[in-house]
Amino acid sequence: MNRTEQLNKLKEEQVWDIIIIGGGANGLGTAVDSASRGFKTVLLEAVDFAKGTSSRSTKLIHGGVRYLEQGNLALVIEALKERGLMMKNAKHLSKNESFIIPNYNWWGGIFYTLGLKFYDHLAGKLSLGSSKYLSKEKTIEQLPSIEQKGLRSGVLYHDGQFDDSRLAINLAQTAVEKGAYVLNHFKVTQLLKNNKNQIIGIVATDQETQKEYTLKGKAVINATGVFTNAIMKMNDTVYKKYIVPSQGIHLVFDKSFLSGEHALMIPKTSDGRVLFAVPWHDKIVVGTTDTLVKKSDIEPIALEEEIEFVLETAQRYLAKKPTRADVLSVFAGLRPLVAPEKNGQSTKEVSRSHKIIVSETGLITITGGKWTTYRKIAEDIVDKAIAVHKLPKRKCKTKHLSIHGNKKNSVTDFENHLFVYGTDAAAILQLQENEPELKEKLHPNYDYTLAEVVWAIRQEMATTVEDILARRVRLLFLDARAAIACAEKVADLLARELGRDENWIQNQLVEFKTVANGFLLKEFRVL
């Protein structure tokens, strides 16, 4: 995935079949689907792959127990099927995670056991394991970190877990392998229209060089998530809101707060939401919230009331009570919810299912959706592009398409931190042998090495410190202070690999520290 090679292709005069704006889950999924069907495909991402919502999820591949409770069976059935497919197509990034729901009243055990048995049934052959009722004693044995006071019973069930931004990078690589052209740090600034008000292409600027490019295309897909409204402003004559951003935050703690292998699921918090505490990369991710915000920021910041809510809920259910000082990282993401048809709907009521909008100009926009169903959403988008823009009818090929790095027949060793690279892990180890100085650790407390940084630059289109520490190596999300501490090492390597000067290094360090401070609670920010 070489940026220079990809750029050279853009300079060639041609008409693309499908131009995709946005490099998150939906956009990247569409690039893989479109290219695998043989369409001439290009994807442009303004910042970096999964920079927005797609790197800030709860890291779950799930049918959605909450949607089951809301009676949204169609969404649950579709998501459970897609969960099963993703766990086969990206085995190196996904794992079967067992969750325990603790019950502090007499009816909870029966209610959730019956509901989750139905959840298992809906998954059919793609079920990850049977759910079961647990006595109070068994719940404590399986989840020793749980608050025992008032505990009556528990219910164990299975769902999937994954690494979101690593999957995004692997999807970009898969798209390239299938013949697509993908570029990050490439911002679309204008939609080109003909005299019949039909979109015939886009104008975009390479953020690295500020050079402008004009691309002609038959179908243009707007997959910009929470920034949908900004692209629609270029498209429409009358402005209208298509999405509303809802913020969700997560706090990250040391693994000692939830010992053992099981995740914790609280089906109803004090304000009626679902809260998860999930083991992830040897840490615990706790979240989330659901707060309507006025505007879509590229770098959303957790609100104090959200932090307090997650912290208080965690303290209520965990025997070892986490405090503000225990927060290693806090990350906020914005969900692009389909704008409600009627006023007064709460965020919990706004649809999580995806919606495809075809404008009079021919622009195809995708709103809503979630990581679990990215493949099906992409299939629907390409099918729609074929129908609207009279492209050759070709069948979807992604149902059983292996994602880059997938280890089809081998068992993933989740103890080795290189597991997220799948079949690429051997090449990273070889890099260390070829260049022994790359065996050096990024940070004394973590196993990441300089080899992974160099790999990200040479093979995964990383061009900034943030690209690497946030979305290639996940250190910013796991321990923000540690990420700041090793930023200089990363900046130096980037400069060496990409031919940048000292001035560039200093700018990178300032930019990264600004972003990283948003991942720290205000009293712990680094000056």
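Begin by selecting leucine 469, which counts as buried because its relative accessibility is 0% (buried means under 20% relative accessible area, exposed over 50% and partly exposed in between, with a 1.4 Å probe and protein chains only). You are looking at a predicted model, in which local features need pLDDT of at least 70 and side-chain atom pairs count only at pLDDT 80 or more, while totals for chains, interfaces and linings use all residues. Residues are numbered from 1 along each chain as its sequence is written, and side-chain values use heavy atoms, with hydrogens and water left out.

Leucine 469 lies in helix 13 (helices are DSSP runs of H or I with at least four residues, numbered from the N terminus). Next, show what leucine 469 touches beyond four places in sequence: its contacts include Leu442, Ala483, Val490 and Phe512, where contact means heavy atoms within 4.5 Å.

Now widen the selection to the largest nonpolar core, which has 94 residues, and in which Leu167 and Leu469 have the most contacts; such a core is a set of buried Ala, Val, Leu, Ile, Met, Phe, Trp, Tyr and Cys residues joined through side-chain atoms within 4.5 Å. Helix 12, residues 450–459, gives the most to this core, with seven residues. A second, separate core of 30 residues includes Leu143, Leu151, Leu318 and Ala332.

Finally, select helix 17, residues 502–517, whose buried residues include Trp504, Ile505 and Phe512. Among the elements that cover the buried residues of helix 17 are helix 13 (465–472) and helix 16 (487–498).

Key: Helices (H or I, at least four residues) and strands (E, at least two) are DSSP runs, numbered from the N terminus.
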